[in-house]
Amino acid sequence: MAEGLARALAPARHRFWSAGSEPGTLHPLAVAALAEVGIDISHQRAKGLSHIPLDEVDAIVTLCAEEVCPYVARAVRRLHWPLPDPARVEGSETERLAAFRAVRDRLRELLPQLWATAP
C-alpha cells in the first residue's frame, strides 16, 4: 500500500519501491482499500529486498510493528513507522477492511515527510 500511495501522491521526480522481509502475495483488501481512494495497485507484486535497486535508494522506511524489520547495511536516511500489519487482523471482512483503511489513512499522513524534506 505504501508504494502505491507514494507513487500516486508524491511529486513526479521521486521514485518508490517497497519490499518485505517475508514477501507474500498482494492482499486483495489492500487493493480494495486503495481503490476506494482512486489508486490502482492491482498490478503491483510483493517482493523482497533482493528485487530493489538498493544502490539507488536515498531513504528507507520500515513499517514493521509486530514482525522483524529488514536490515540494509547502507548509509541512508532511515525512518521507522511501526504500523500494524492489517493482513494479520482477524474478524469479519468489514473489520479486516477497516484495518487496511486505517493503515492506508495513516500512510497518507506520514508519506509526505519523504518528499517535503527531499532535496
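This is a predicted model: local features need pLDDT of at least 70, side-chain atom pairs count only at pLDDT 80 or more; totals for chains, interfaces and linings use all residues.
Buried means under 20% relative accessible area, and Cys64, at 7%, is therefore buried.

**Stop 1: the disulfide**

Select Cys64 and Cys69. Together they form a disulfide, with the sulfur atoms 1.5 Å apart. There is one disulfide in the structure, so you have found what there is to find of that kind. Now look along the S-S bond: its torsion is about 105 degrees, which makes the disulfide of Cys64 and Cys69 right-handed.

**Stop 2: the largest nonpolar core**

Next, select Met1, Trp81, Leu107, Leu111, Leu114 and Trp115. Of the 23 residues in the largest nonpolar core, these touch the most other members. Colour the helices and you will see that α1 (2–9), α2 (28–35), α3 (93–110) and α4 (112–116) each supply at least two residues of this core. The greatest share comes from α3, with five residues.

Stay with Met1 for a moment. Which residues is Met1 in contact with, leaving aside its neighbours within four places in sequence? Show Ala30, Ala33, Leu34, Ile41, Pro86, Phe100, Val103, Arg104 and Leu107, and you have the list.

**Stop 3: salt bridges**

Side chains of opposite charge can pair when their charged atoms come close. A search of the whole structure finds nine salt bridges, and here are some to visit.

Begin with Glu3 and Lys47, whose closest N and O atoms are 3.0 Å apart. This pair links distant parts of the chain: Glu3 sits in helix α1, Lys47 in the loop between α2 and β1 (59–62), and 44 residues separate them. Are the two partners buried or exposed? Glu3 counts as buried at 6% relative accessibility, and Lys47 is buried too, with a relative accessible area of 11%.

Move on to Arg88 and Asp85, whose side chains meet in a salt bridge at 3.6 Å, N to O. Here Arg88 is partly exposed at 49%, and Asp85 is partly exposed at 25%.

Then go to helix α3, where Glu93 and Arg96 lie three residues apart, about one turn of the helix. Their salt bridge has its closest N and O atoms 3.7 Å apart, and Arg96 is partly exposed, with a relative accessible area of 24%.

Finish by selecting Glu36, Arg101, Arg104 and Asp105: salt bridges that share partners join these residues into one network.

Key
Residues are numbered from 1 along each chain as its sequence is written. Side-chain values use heavy atoms; hydrogens and water are left out. A nonpolar core is a set of buried Ala, Val, Leu, Ile, Met, Phe, Trp, Tyr and Cys residues joined through side-chain atoms within 4.5 Å. Buried means under 20% relative accessible area, exposed over 50%, partly exposed in between (1.4 Å probe, protein chains only). Helices (H or I, at least four residues) and strands (E, at least two) are DSSP runs, numbered from the N terminus. Contact means heavy atoms within 4.5 Å. A disulfide is a pair of cysteine sulfur atoms within 2.5 Å. A salt bridge is a side-chain nitrogen of Lys or Arg within 4 Å of a carboxyl oxygen of Asp or Glu.
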